[in-house]
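Hi,

Here is the structure I promised to pass on.

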Amino acid sequence: MLVPKNEPFSLIELIDKIPLEKTGIRNSLFAIRNDVQANSNTQIEYIESWDKNIYIGTSDGSILHYTINKYPNNENKFNNNSFIYYKSECRFIQRKNISDKKPINKLIIIPSESILLVLCDNTIIFLDSKSLNNIASNKISPIKNVLNVCTNEAISSNLQICVAKKYSIEYINFDHGVHQLMELPHNYSNIIKMRCFSNKVCIADNTSYNIYDITNGESISLFSYNQTYGKPLIDTLDENEFMFVTSTAQGMGLGVFISSKGDATRGTLQWQYYPNSIAFQYPYMLALMDDNTLAVHNILDQKLIQTIHIPREIQQYQITNAKLIFNNNEQKNDSKNLNAKVLLYSNSKLYALTMKPIDFQEAKLRQNYRDAGYVLMNETLFDDALEYFQKGNVNPINLINLFDEYRVSSLVTSPTKFENNELIPNSINSIIKRNLDKNYKDIDESTKESFSQAFYENAKNMLMKYLKYARKNKISSGKKQEIDTTLLKLYVESNDKKLYNLIKDENHCSIEESIEVLKKKNKYYAMGLLYESKGLQQKALNIWIKIESKQLEDPDFPGLNYIVDFLSNVDDKELVWKYAKWILNEDQHLGAKIFTSEKNNSLDPNSVVNYLEHHWNDATLVYLEHLIKDLKIENSTFHTKLGLKFIESIIRYIESSRDIFEEIDQEFHKISENISYITFLKTKKENEIVSCRLKFIDFIQNSEYCNSNELLKKLDQYTILLIEKVYLFSKSFEHEKALKILLYQLNDYIGAEEYCHGNQKKWEKQNINTKTPINSNFEINDSNNQIRNSSFTSSNLFLNSVQKKNESLYLILLRLYMKMDNRDLLAPKIIKVLNTCYQELSLKEVLDIIPLHWSLNMLNNFLSRSIRNNVHIEQQTKIVKNIVKGENENVKYTLAKYLEESSPLIIDNNTKCSQCNNEIIDKCFIRTIDGKIVHFNCYNKNYK
């Protein structure tokens, strides 16, 4: 981009249309133009800014608050008839009306205290700088009878201000409250303009300029000015230098530089006309002229270096100093933020002037960095050169071209714009040779060759680092293929593992050239990755399978798991079906993982199961487990198939390791007195056979959809899987068969007791569901006018308890014990069951079963506990009976009271249920609160 030379300032448009007019009632007969504020008398009186905040004071007593919202950049550059400017964005925050008639004379923000000082109608009021709400007067009182006010510009945070009144000047500090530091009298007729720096206050009264010392009240009179040419203009340069604007008799403007002692310090600035307004940003003084030009002078030599022509449509413009910051959110370094210290404004637009033209400064700086990098590279200081290449964003093609062996073929035809710079060398080899000949003349050839190789490796390392940097930045645009292909070559040559990161991520490597390089270096795994990145997945799989099957060698290949992970996440399902067979033949468990991946859950389960179960039983088992445990599929066929696969798997384990199976059983029989068979198996779950059996048992317990009969039929073919039959009999409520296996075949007496403990509640629930009919009908006893439920009486509690004991699993266990030939030897175990489970056993049934030759002393504990429990139940039954009787009396009373208060209810052939619309023929019905007649069953069904 061509940039004008020696033009230090550029403009940034902040606000395109400033809404000066107050909103309110408008005469509907007259249209209001939105694009221009024509015929409006409202003007901007003052602008104050700090950081991102802009406050605009208007002539109608309003304050407008904006914040900067966007950092300007080259994409927002505009040219309006040679008036070049950039665009930022400002967000309107709020408007505050201070006065209906009086203008806002001055605004000063005190950021550290969040205070906005407002001078209006000779009174200073204090607002909160964020909300623009008035600060309570008990915190900061308004200051009245004020002629002018300014800040001490030596203090950047505006904590100190000078307040000019009719007869005195006050110096006030705002650090943690308001503190008056001093107040001194003055003799000025008026104070139209004032600027303060340190202890010196520059003042313009009605006719002349003065310097006032606030420490002692002394005043230095300077020279007069003529108000017919314009208002007085003052600016501060530093503590000891100020500039005052006056005019010649012909109306030419003069900028006079004066020291704090009243002496001239440097040459005078000259303008053709008296300036409208001025602003200063070291070392430039800006003056706005009435001919719509902005003149920029350098105060060091007083020369005019830039003139900005402002379009004629911008009228009533002014400039003022500012303290704005444009934050560049893309840069972490605060030095990249843009500071604007001058504002240009009219009644409709607001611009900021920045001393660093955005594109010129960066382009010039980048060129300087590039030049420095080439100088350092010519001295073989490659690491130092890299830093400057990165700062200067050097064209990566220029660096690639220095290495002959890394040129990619696309460079010949690539439309690359090469940088013209005499500092760019011909090649790295020429740089190294020249430096060796210059600095190492006396060394032998072998040493020189080793030095040359070392320098060359450093240069390649520099190139590698720079290309990594370049591919992440805008400078890679149009050169991505060259960058990535060269990086690939560098990584391959240095055997750098970063090669895989380059290829796995999105890359622009030339496929033909890269494959050739990788093939020469036997980087077959990387070849597959490159094919994958280019969408050639089948080619990638073919290469990886050849590596895994030892047809090709590449130690970097992760192994079979990598292919499995790839097929588990690939979108092309045809590849899954095509290559899964090879994986399954290698490893069934890994092959099943392909189908259990989340990506492949969309595959039809029936198709997958049919595909797997013909050749791969282990894979089928894994997949069925996934369907049932992970996907929660409730298909009975899948549940039953999984059970059958578990059985087949267990049998295969046993057939291959029968001696291990028999050892486990023998070990249990040695310790069966102290532990149940299932608990013993859980201590051996690290064994492959036991682990599979435990999984099957867990499946039996948790599956609600498997066909137990079919699984039992399969187990009947194998007499050794006894504990599995126990759990299947338990599932089908064939508890006697299960207990027989535990007692007679496994000799698992503890297991039999645990079986009863674990299944008694389920057994009781099953008996209730199958044997006890549910009858919700109520009967009315006409003789005693009692309401009772036909399915429940007050004595049912005791009867149910007796019935439960008669059907107890413990009673079945006891009967089976009594049928054993060695029952007398097992007497201690039987007595233990009686003593611990007496609440579940019927005393009568037990006495009928127990052998007559067993002594009463053996049964003493059981008898005493059982009798005590029966007495307790009977007494509890009486209590419940009386409670129910009391409730019955309450119901009778409520019913009688209701019948007294309500009219008789007549039920005839025409009375129908409001729910089912059938006749009320049953003697049990319900009348709802709203008077509807409903069948008892209909009411339970709909209102339960």
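A residue counts as buried under 20% relative accessible area, exposed over 50% and partly exposed in between, using a 1.4 Å probe and protein chains only. On that scale Cys196 is buried, at 0% relative accessible area, and Cys120 is buried too, at 7%.

Before going on, please note that this is a predicted model: local features need pLDDT of at least 70, side-chain atom pairs count only at pLDDT 80 or more, and totals for chains, interfaces and linings use all residues. Residues are numbered from 1 along each chain as its sequence is written, and side-chain values use heavy atoms, without hydrogens and water.

Back to the cysteines: with a disulfide taken as two cysteine sulfur atoms within 2.5 Å, the whole structure has zero. The closest cysteine sulfur to that of Cys196 belongs to Cys162, and at 3.8 Å it is too far for a bond.

Now the rings. Phe, Tyr and Trp rings (six-membered ring for Trp) pair when their centres lie within 6.5 Å; planes under 30 degrees apart are stacked, over 60 edge-to-face, and the rest tilted. That gives 32 aromatic pairs. One of them is edge-to-face, joining Trp577 and Tyr611 at 5.2 Å centre to centre with 85° between the planes. Trp577 is partly exposed at 29%, as is Tyr611 at 22%. Elsewhere, Tyr500, Tyr525, Trp544, Phe557, Tyr562 and Phe566 make up one aromatic cluster.

Best wishes
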